[in-house]
Amino acid sequence: MKRALLLFSLSTTLLWPSTLFSQNTSNTFSYTFLFIDGKTKEELSLKIQPPYFRIDRPKELFSIIYNEREDSFVGLEHRDGRYWKFYWPQIQKAVQKTKESSYKIKSDPFTDPIEQSIEEVLNPPLSTHYGRFEPFNPPPQIPWEQSSLTRNSSYGELSQWIAKNTEGQSVCWLGSFSASEMQHWDQSIGKLRKVCQILSFLLGEYAWPPKALDLWSSLPKNLGIPVETYWRQENKSLQLFLIRKELLSNTTWIEPPKNYMIEELPLLEEYKNE
């Protein structure tokens with residue numbers, strides 16, 4: 001359990017590039033979701049202020065901060081008052097020094113090597129298309145269809161969208177917010193997905209439910225923010241509800257607390273030393 005926390009906290013801090021949003025962006029939004037997996041409930045929080053992005057998982061006592069401008073990650077381990085930091089370009093460069101690592105960079109980390117032929121393993125494609133340079137697999141092309149159902153909520157009127165051609169029915173209820181906020185949300189989801197895939201590849205853990213990111217990234221743009229998301233996975237029903245939305249007035253969350261101690265990431269040493 002502790003190892004899992006360490007893995008997640010490693011992923012905690014990421015730096016977000018300024019190219020993602022307009023320089024005129026001044027609002028900082030915080031979205032808190034309730035994730036329900038069977039009888040398990042957990043709050044997940046997402047903060048967005050270009051070039052920074054942060055995920056908080058209070059139940060697991062860890063946070064992730066990403067700075068896209070520097071392409072850096074910071075992981076906060078709140079249980080121990082410690083944090084880690086690494087730069088994705090540095091890891092990329094170091095890992096290319098061996099044939100095995102170079103292959104891992106250029107291949108889809110979610111493909112089981114057992115399912116590949118010996119020719120594919122020994123002669124990986126040179127193209128970095130959707131390899132580790134642009135992690136990792138492309139957003140899924142899921143067709144969505146708007147139903148005739150609408151209903152009121154604390155976030156205004158919600159419209160129902162149903163995903164087609166998925167295993168089990170996936171449903172999103174979208175709330176209409178300001179045009180600028182919805183644009184920021186749409187742009188952030190692709191980066192959130194990239195960040196989580198990098199962390200999964202390096203550390204073996206996801207910081208956000210991956211299926212939810214697949215669904216969100218495939219939704220039509222500029223239609224709203226998912227207030228409720230439902231999907232099935234491994235014969236289970238999963239749900240993600242927006243329970244709180246805030247406009248933050250400060251940026252103290254973009255850095256580790258001053259009393260936290262920095263530590264090396266032993267799980268990343270194999271990449272740094274190659």
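# Salt bridges, core and cavity in a predicted model

Lys164 counts as partly exposed because its relative accessible area is 32%, which falls between the limits of 20% for buried and 50% for exposed. The structure described here is a predicted model, and Lys164 takes part in one of the twelve salt bridges found in a search of the whole structure.

**Salt bridges**

- Lys164 forms its salt bridge with Glu145, and the closest N and O atoms of the two residues are 3.9 Å apart.
- This pair links distant parts of the chain, since Glu145 belongs to strand S8 (residues 144–153) whereas Lys164 sits in the loop between strand S9 (156–163) and strand S10 (170–175), 19 residues apart.
- Glu145, with a relative accessibility of 47%, also counts as partly exposed.
- Arg82 and Glu263 meet through their side chains in another salt bridge, at 3.3 Å from N to O.
- Because Arg82 lies in strand S7 (residues 82–87) and Glu263 in the loop between strand S13 (261–262) and helix H7 (269–272), this pair ties together parts that are 181 residues apart in sequence.
- Arg82 is partly exposed at 31% relative accessibility, and Glu263 is partly exposed at 33%.
- Arg54 and Asp56 form a salt bridge at 2.9 Å from N to O, and both of these residues are buried.
- Glu43, Arg244 and Glu246 are linked in a network of salt bridges.

**Nonpolar cores**

- The largest nonpolar core has 54 residues, of which Ile55, Leu192, Trp208, Trp216 and Leu240 touch the most other members.
- Helix H5 (residues 179–203) gives the most to this core, contributing ten residues.
- A second, separate core consists of five residues, including Ile65, Val74, Leu76 and Tyr260.
- Apart from residues up to four places away in sequence, Trp216 touches Phe33, Cys172, Trp185, Ile189, Trp208, Lys221, Pro226, Thr229 and Leu240.

**The cavity**

- One cavity of 30 Å³ or more is found in a search of the whole structure, and the volume of the largest cavity is about 40 Å³.
- Its lining is made up of Trp185, Asp186, Ile189, Trp216, Leu219, Pro220, Gly224 and Pro226, and H5 supplies the largest share, with three residues.
- By type, the lining residues divide into six nonpolar, one polar and one charged.

**Ser217**

- Ser217 is part of helix H6 (residues 210–218) and counts as buried because its relative accessibility is 13%.
- Beyond its neighbours within four places in sequence, Ser217 is in contact with Pro139, Pro140, Ile189 and Arg193.

Key: Residues numbered from 1 in each chain as written. Predicted model: local features only at pLDDT ≥ 70, side-chain atom pairs only at ≥ 80, totals over all residues. Heavy atoms only, no water. Core = buried A, V, L, I, M, F, W, Y, C linked by side-chain atoms within 4.5 Å. Buried < 20%, exposed > 50% of the residue type's maximum accessible area, 1.4 Å probe, protein only. Helix = DSSP H or I, 4+ residues; strand = E, 2+ residues; numbered from the N terminus. Contact = heavy atoms within 4.5 Å. 1 Å grid on protein atoms, 1.4 Å probe; cavity = no way out; pocket = protein on both sides within 12 Å on 5 of 7 lines; lining within 4 Å. Points joined across faces, edges and corners; volume = space filled by probe spheres on them. Nonpolar A, V, L, I, M, F, W, Y, C, P; charged D, E, K, R; others polar. Salt bridge = Lys/Arg side-chain N within 4 Å of Asp/Glu carboxyl O.
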